[in-house]
Structure formats: structure tokens, C-alpha cells
Amino acid sequence: MKNAVRFAIILGMISAITGLALAVVFQITNPIIQAQNEKELQDGLKEIFPGDYEFVKLDKPIPSLDETVQISDSFLVKDRNSNKNIGMVVTVTVPGSQAAIKMLVGVKSDGTVSGVKILQMNETAGLGANADNPNYYVDKKNKITFLGQFIGKNTLKDKLVPKEDVIAMTGATVTSRAVSSGVKIAGESIANYLKEAGQ
């Protein structure tokens with residue numbers, strides 16, 4: 001009986017020490033992780049919407065016009081000199097062939113795509129994973145990547161359909177369609193929000 005009590009006390013002490021150690025490690029590493037995530041986000045925003053702009057995060061994300069496309073964060077893009085709204089960047093999640101694909105989509109006020117950046121995906125290596133491969137060109141002659149082809153397209157006027165006005169990745173039709181749909185719906189949702197907000 002005494003051995004069982006002693007064993008229980010020792011286990012309790014070990015659990016308490018382990019829990020305390022984990023709490024300390026979390027307190028130290030969490031701010032570092034948060035700062036790194038924020039830096040990656042800011043770098044991503046500047047990458048897909050280059051220029052001297054300020055990114056103002058909205059209190060809540062704009063509504064998506066398609067239930068299969070989730071918008072989780074929304075940023076107004078403002079010109080630092082005139083304080084005028086230039087467009088928006090949204091974080092979009094769409095179902096891919098293997099798992100959800102999360103990306104940033106930047107769209108100007110007129111519906112023109114300024115850039116697209118994949119944040120997370122788990123598509124098949126050598127196929128769907130080529131979506132964000134900077135060395136995989138859908139247009140080899142002009143060295144245009146899969147994501148690069150969206151820049152300059154208009155989400156309000158162009159279909160953004162693979163094999164029509166979007167060059168699909170070889171062997172990755174589902175991924176090509178998912179990303180294209182995410183970009184299209186993001187642009188339409190942004191246009192709808194800006195119209196309703198009178199911007």
C-alpha cells in the first residue's frame with residue numbers, strides 16, 4: 001500500500017514538473033511563432049500586392065459568394081499617399097484533390113488579379129504540388145507559372161476555367177480547378193463587398 005502511494009506521488013510530481021516545463025516553453029516560443037507568422041503574412045501581402053500600400057485587416061472576413069470557398073481573413077489595400085482603397089486581399093480555402101488548399105488572393109477594385117500565393121496545401125508531388133512551384137511553367141516560352149497566369153486576369157470578366165482561359169497543370173485537373181475557382185470566387189466576393197460598402 002505504501003509503495004502504491006509513493007508511486008502515485010512520484011507520478012504526480014513528474015506530471016506537475018512536465019506540465020510546468022511545457023507551459024514555460026509555450027510562453028517563450030509562442031510570441032516568437034506569432035511574430036514569424038505575422039512576418040510571413042505581411043511578406044505574402046506585399047508579394048501579391050506590390051507597391052507602397054497599407055493592409056488594413058477587417059474585423060470580420062467578407063462573405064464568400066460560394067459555400068465551397070471559405071474566406072477567413074480580409075484586408076483592405078490602401079494607398080499610403082491618398083488613403084484611397086486600391087483593392088483587397090483575402091485568405092481563401094478551397095477543397096483540393098488531397099486536402100484543403102489555403103491561399104492569399106489579391107484583387108484590385110476593378111476585379112483584376114494582382115497576385116495569388118499558396119499558404120498551405122498537400123497536393124500530389126510532381127502533379128498538383130506544382131501549383132506553387134516557381135520552376136514549373138504552364139507557358140514555357142514566356143516562363144509563366146501556374147499562379148503567375150492569373151495576374152492581370154479579371155475575375156468579373158474572365159471565366160477562369162481550366163482548359164478554357166486558364167492553362168491547367170498536367171495531370172492535376174482537380175487542383176487546377178480548385179485554385180481557379182478560389183481566385184474567381186475571391187474576386188467576385190471582393191467586388192460584391194466593395195459595391196455594398198460603397199467603395
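Q: Which element gives the most to the lining of the second largest pocket?
A: Let's start with the general idea: rolling a probe the size of a water molecule over the atoms shows where empty space is left. A pocket here is an open set of points on a 1 Å grid over the protein atoms alone, where a 1.4 Å probe fits, with protein on both sides within 12 Å along at least five of seven lines; lining residues have an atom within 4 Å of a point. In this structure, strand 5 gives the most to that lining, with three residues. Helix 1 (2-48) and strand 5 are the elements that give two or more residues. Helices (H or I, at least four residues) and strands (E, at least two) are DSSP runs, numbered from the N terminus.

Q: Before we go on, what kind of model is this, and how are residues numbered?
A: This is a predicted model, in which local features need pLDDT of at least 70 and side-chain atom pairs count only at pLDDT 80 or more, while totals for chains, interfaces and linings use all residues. Residues are numbered from 1 along each chain as its sequence is written, and side-chain values use heavy atoms, with hydrogens and water left out.

Q: What is the volume of the second largest pocket, and which residues lie nearest its centre?
A: A volume is the space filled by probe spheres set on the grid points, which are joined across faces, edges and corners. For the second largest pocket this comes to about 220 Å³. The lining has 13 residues, and Glu47, Val116, Thr145, Leu147 and Gly148 lie nearest the centre.

Q: Where does strand 5 sit in its sheet?
A: Two strands pair if DSSP finds at least two bridges between them. Five strands make an open sheet here, in the order 1-2-3-4-5, with antiparallel pairing. Strand 5 (113-120) is an edge strand, as is strand 1 (53-57), and each pairs on one side only.

Q: How does the whole chain read along the sequence?
A: The pattern is α-β-β-β-β-β-β-β-α, with two helices and seven strands.

Q: Is Val183 buried or exposed?
A: Buried means under 20% relative accessible area, exposed over 50%, and partly exposed in between (1.4 Å probe, protein chains only). Val183 counts as buried because its relative accessibility is 0%. Val183 belongs to helix 2 (residues 173-196). Across the 199 residues of the chain, 36% count as buried.

Q: Which residues does Val183 touch?
A: Contact means heavy atoms within 4.5 Å. Leaving aside residues up to four places away in sequence, Val183 touches Met103, Val105, Val113, Val116, Phe150, Thr155 and Leu160. Val183 and Gly106 are 77 residues apart in sequence, yet their C-alpha atoms are 8.7 Å apart in space.
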